[in-house]
Amino acid sequence: MRIPRRALAAAAVLATVLPLSACGTGSDAGSSDASGKVEGKITFQTWNLQANFKDYFNGLIAQFEKTYPGTEVKWVDRPAEGYADKISADAAGGTLPDVVNVSPDLVAPLAKAGLALDLDKAAAKYKKEYLPGAWASHQIPGLDGTYAFPWYLNTGPLFYNKRLFTQAGLDAAKPPKTYDEVFASGLKMADKSKGKIATLANVPTIEDFGRYGVELMNKEGTGFAFNDAKGVELLTHYKELYDAKALDPQALTATPESSGKKFLTEAVAMNPGSALDLGNFKKQAPSLYKNIGITDQISSTGKANMYVMGVMVNSKSQQKPAAVAFAHFVTDATRQMEFAKKVAIFPSTEGSLDDPYFTKGDGTDETRVRIAAAKSLKTAVNYTPVLFSEQMKTELRNEVAKALQGKESPKEALDNAVKACDRLLQQS
């Protein structure tokens, strides 16, 4: 299922930049008019959901076809591996499905190529049904409009190991609440353990720069800006952690999965996560689960990070009224609440997070995490710029590694990363 701890943030962008000529932009681009009778056959594509949710989606489709007689929905599900490549090939070949499960970074090149329907024009009446931050998550800098209905959301707390905190002489009942406290705790833990216990297992990503309060892009969406003084400050702190072994030595090549295993085996003291993780801790690491601490995401902006999935309508669909109606049906409050009770995700619809399921405690850690996450999602934002491609993530990661290894200063590394990302942005 495409809803792990960080997978929403790490969803792959289109491997090949969509050539505008191949996608029919300009006068050829699809109309934004989605008025008319809801009828006809449409194709709905999801992202690695059929294995676990076949009955849910078959039931949803049956409900839609009953609500709108004369409609027929063909459901296709694609594996996570190669999903971006498949969308790219379909877009270039003119075979893109009518309704497509996307993440913001996947929809960006489709919108720029004129293949994603602008919902601010075609479906503006539905905007008020969604959380403002969720609706805005599929807006593209440099373009007017919104290019997908927001679907499910996720966010999560910061988990910490109370036993490791106590061993380091830290108060396990008072976990870090600010970045300064995280850095100070990390240095103390590394010193106390003589470098054997790291506090963190990940190098900073673009989302971390965002939560630190760094301006990631200019407002026009024409260039990146994370090499400002605040960005340099964050990377300098990570360099200090790395030198003191407060940052895991393997962090330079770590994946979300490998860093999660580090936390699971109690090799690091803190790791971001979600309600999905608690069940894994209980089953796979009962000793960790007994010592698990749960605190809020660290953020200098006062807003948590939001991972978001969406449902896009192909602007060239021959059945736009049906495609828009179905995309809205999938993502309306009723269907989103049904889905959220089947897996640890959260609805993007206005008012849904006030449901007792997201507000009423029962004494369990799972419910506590769910309640805290739901509260933070009301004001959360997607810090990863929709134009920040997978290649750009690699460029940033490589330059961060050079800074941590002392091959470049933090300022030089971020300047080089911005230059590389700006060049890739211009090529797109």
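Predicted model: local features only at pLDDT ≥ 70, side-chain atom pairs only at ≥ 80, totals over all residues.

Student: Okay, so threonine 146: buried or exposed?

Tutor: Threonine 146 has a relative accessible area of 0%, so it's buried.

Student: Where does threonine 146 lie?

Tutor: In the loop between helix H6 (132–136) and E4.

Student: And what does the side chain of threonine 146 make polar contacts with?

Tutor: There's one of 3.2 Å to the side chain of tryptophan 135, and one of 3.0 Å to the side chain of glutamine 139. Leaving aside neighbours within four places in sequence, the residues in contact with threonine 146 include Leu117, Asp118, Leu119, Asp120 and His138.

Student: You mentioned E4. How many of the residues of strand E4 are buried?

Tutor: Six of six, over residues 149–154. E4 also pairs with strand E8 (residues 307–313), antiparallel, over four bridges. Leucine 153 sits opposite valine 308 of E8 there.

Student: Switching topic: what's the order of strands in the open sheet?

Tutor: E6-E5-E7, three strands with antiparallel pairing. Strand E6 (270–272) and strand E7 (292–295) are the edges, each with a single partner strand, so one side of each has no neighbour in the sheet. From one strand to the next, the twist averages 25 degrees.

Student: How many bridges join E5 to E6?

Tutor: Three, with strand E5 covering residues 158–161. Tyrosine 160 is opposite methionine 270 of E6.

Student: Which helix packs on the sheet?

Tutor: Helix H11, residues 256–264. H11 touches E5, E6 and E7, and its direction makes about 140 degrees with that of E6.

Student: Last topic, the largest nonpolar core. Which residues touch the most other members?

Tutor: Phe226 and Phe326, out of 123 residues in that core. Helix H14 (residues 320–331) gives the most to this core, eight residues.

Student: What is phenylalanine 326 in contact with, leaving aside its neighbours within four places in sequence?

Tutor: Ile42, Phe44, Leu60, Ile61, Phe64, Val73 and Val99. Apart from that core lies another one, of 13 residues, with Ala198, Ala201, Phe281 and Tyr289 among them.

How values were computed
Residues numbered from 1 in each chain as written. Heavy atoms only, no water. Core = buried A, V, L, I, M, F, W, Y, C linked by side-chain atoms within 4.5 Å. Buried < 20%, exposed > 50% of the residue type's maximum accessible area, 1.4 Å probe, protein only. Helix = DSSP H or I, 4+ residues; strand = E, 2+ residues; numbered from the N terminus. Contact = heavy atoms within 4.5 Å. Pairing = 2+ DSSP bridges. Axes fitted to C-alpha atoms, helices over the stretch in contact; angles between N-to-C directions. Polar contact = N/O pair within 3.5 Å; in protein donor to acceptor, adjacent residues only side chain to side chain.
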